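The following note concerns helix packing in the model shown below.

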Amino acid sequence: MITAVCIVLALLLATFLMMATGMFAMAGDSCAPGSPCLDEVGRGIEVSLVGMAAVLVIGLCCVIGAAVTRTLRFGWALATLLLLLVPFAVGCNIADHAMQLSSVAP
């Protein structure tokens, strides 16, 4: 039961964070055309989205594998829920760095 709650919370959190990842595009508003900061913003979005998808897929596979072998499923579900924040934070940091690059004069 607790495993199912953690998985549902992880899916809801992933949905929310993936929608919030769209806000990273605002970091590119101050980028000059042709500057490398637009590439950095895109890289931040990619890291966030692909990272969260990877955490979800790997976490769900681990929970299913634990269910088949009848080992601890709760730990995998909780780890999935907590690790979803890591790629979002890394992508946010990359987008923030790109925004700071755009404010530096060449």
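1. The model under discussion is predicted. In this model, helix α1 (residues 2-21) and helix α2 (residues 37-69) have axes that come within 10 Å and cross at roughly 170°. The two helices, α1 and α2, are therefore roughly antiparallel to each other.

2. On the α1 side, the contact with α2 is formed by Thr3, Ile7, Ala10, Leu11, Ala14, Leu17, Met18 and Thr21. Their counterparts in α2 are Ile45, Ser48, Leu49, Met52, Ala53, Leu56, Leu60 and Val63. By class, the residues of this contact comprise 13 nonpolar, 3 polar and no charged.

3. Helix α2 also packs against helix α3 (residues 74-83), at an angle of about 175° and with the axes 9 Å apart. This angle makes α2 roughly antiparallel to α3.

4. In the second contact, α2 contributes Val55, Leu56, Gly59, Cys62, Val63 and Ala66, while α3 contributes Trp76, Ala77, Thr80 and Leu83. The contact of α2 with α3 divides into 8 nonpolar, 2 polar and no charged residues. Leu56 and Val63 of α2 are listed in the contact with α1 and also in the contact with α3.

5. Apart from neighbours within four places in sequence, Thr3 is in contact with Val63, Arg73, Phe74 and Ala77.

Technical notes
Residues are numbered from 1 along each chain as its sequence is written. This is a predicted model: local features need pLDDT of at least 70, side-chain atom pairs count only at pLDDT 80 or more; totals for chains, interfaces and linings use all residues. Side-chain values use heavy atoms; hydrogens and water are left out. Axes are lines fitted to C-alpha atoms, for helices over the stretch in contact, and angles run from 0 to 180 degrees between N-to-C directions. Helices (H or I, at least four residues) and strands (E, at least two) are DSSP runs, numbered from the N terminus. Angles under 35 degrees count as roughly parallel, over 145 as roughly antiparallel, 65 to 115 as roughly perpendicular and the rest as oblique. Contact means heavy atoms within 4.5 Å. Ala, Val, Leu, Ile, Met, Phe, Trp, Tyr, Cys and Pro count as nonpolar, Asp, Glu, Lys and Arg as charged, and the others, Gly among them, as polar.
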